Amino acid sequence: MSQGPRSGLAAVSSALLAMSRHLEVRDVLKTIVASARELLDAQYAALGVPDDHGGFAQFVVDGVSDAQWKAIGPLPRQHGILAAMLHEARPERLADVRKDPRFEGWPSAHPEMSDFLGLPIRDGDEVIGALFLANKLRPAGGHPPHPPSPEPEGRCGFTEEDEELLSILAQHAAIALTNARLYERSRELTIAEERSRLAHELHDAVSQKLFSLRLTAQAAAALIDRDPSRAKGELHQVAALAAEAADELRAAVVELRPAALDEDGLIATLRTQTQVLDRAHTARVTFDGSGVRPLPAAQEEALLRVAQEALHNALRHSGAEHVDVTVDRRGSGAVLRVTDDGSGFDPRSVRRAGRHLGLVSMRDRASGVGGTLTVESAPGKGTTIEMEVPGG
């Protein structure tokens with residue numbers, strides 16, 4: 001790899017390209033982590049996205065082999081330095097993470113780490129993840145990489161300039177995560193009205209965040225002083241790539257296609273989907289829907305999408321052993337219930353972007369067809385999502 005400003009700019013460009021070429025959340029996370037490690041010359045890099053239960057919904061590392069990662073064991077909990085970054089929302093730059101009073105140790109197979117740099121990833125006022133690096137591989141002079149060596153007592157290998165640069169990359173990470181989550185949601189929204197609404201949301205979110213991204217990319221030029229002219233030229237290209245990312249996200253919305261419930265109806269569709277999920281997951285998934293008359297197309301579409309969203313949350317995030325789906329007749333309409341025996345959460349304090357967006361989306365679907373949606377949950381008590389819709 002060439003040395004100098006181009007190597008750093010290539011890493012920044014790689015993070016931005018993740019938005020337009022890797023719209024799956026996990027692919028975006030991997031690209032961000034690899035870019036951070038390359039950009040700041042670290043031996044290890046990781047990015048954690050917290051769940052609602054004191055752990056991590058996703059945790060991606062770079063610099064650790066698959067065999068090492070398997071030997072380390074389960075994903076970490078939110079404790080020690082990780083918890084500080086998530087809950088106190090401030091940067092952490094440490095000369096030796098092992099000597100920090102908050103350090104609580106790590107598994108025996110975990111690699112040794114000393115100097116440490118970590119920052120929260122923020123979307124507005126919300127902390128949606130943590131990006132951190134360990135073991136600086138080369139000094140600020142830009143010499144070829146060498147194995148980590150002890151810094152003078154009390155001195156961190158990562159500099160204030162490194163912290164500033166990682167802060168810019170953390171802003172890119174927030175943009176990429178938000179866009180990838182919106183894209184994943186967009187694939188589930190299929191009727192024409194939903195497609196138009198999501199296009200508006202994507203346009204607003206992408207326009208605002210990409211404007212901020214252009215500003216931070218310009219700020220990156222101030223950190224690279226070896227060849228200012230070439231660096232600025234490269235950053236103009238970064239801005240162009242960001243514009244292309246916005247175009248591709250808008251194109252993704254256009255590609256959405258409506259689902260067809262008219263062939264099988266709501267009950268048969270739900271029964272088939274729950275049977276497939278029951279076979280695909282370790283959790284037991286059951287369905288009961290008898291005596292329900294056909295409903296208007298809009299109501300059936302809304303019920304199906306809410307059921308799918310609630311099933312996704314239960315099977316991917318709650319750790320449930322049993323998930324029960326029922327549809328019952330109520331007057332001329334119907335009521336859907338999705339109940340799980342998972343870890344539950346406090347609906348009043350849900351803050352994680354993905355989960356919060358899901359609850360808002362479900363409520364929007366219910367109100368859009370004249371229905372209501374209620375959420376009953378508590379930590380350790382499981383969750384019940386109930387949606388009632390009127391008939392035609």
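The points below cover the sheet, the helices and the backbone.

This is a predicted model, in which local features need pLDDT of at least 70, side-chain atom pairs count only at pLDDT 80 or more, and totals for chains, interfaces and linings use all residues. Residues are numbered from 1 along each chain as its sequence is written, and side-chain values use heavy atoms, with hydrogens and water left out. Helices (H or I, at least four residues) and strands (E, at least two) are DSSP runs, numbered from the N terminus.

**Sheet**
- Five strands form an open sheet in the order β2-β1-β5-β4-β3, with antiparallel pairing (two strands pair if DSSP finds at least two bridges between them).
- β2 (56-62) and β3 (92-94) are the edge strands, each pairing on one side only.
- Strand β4 (residues 116-123) pairs with β5 over 8 bridges in the antiparallel sense.
- Leucine 119 has leucine 131 in β5 as its bridge partner.

**Helices on the sheet**
- α2 lies across β1, β2 and β5, at about 40° to β2 (axes are lines fitted to C-alpha atoms, for helices over the stretch in contact, and angles run from 0 to 180 degrees between N-to-C directions; contact means heavy atoms within 4.5 Å).
- Helix α4 (residues 80-87) lies across β1, β2, β3, β4 and β5, running at about 140° to β5.

**Positive phi**
- Most residues other than glycine have a negative phi.
- Aspartate 41, in the loop between α2 (25-39) and β1 (42-50), has a positive phi near 55°.
- Asparagine 135, in strand β5 (residues 126-136), has a positive phi near 65°.
- Aspartate 41 counts as buried because its relative accessibility is 16% (buried means under 20% relative accessible area, exposed over 50%, partly exposed in between, with a 1.4 Å probe and protein chains only).
- Asparagine 135 also counts as buried, at 4% relative accessibility.
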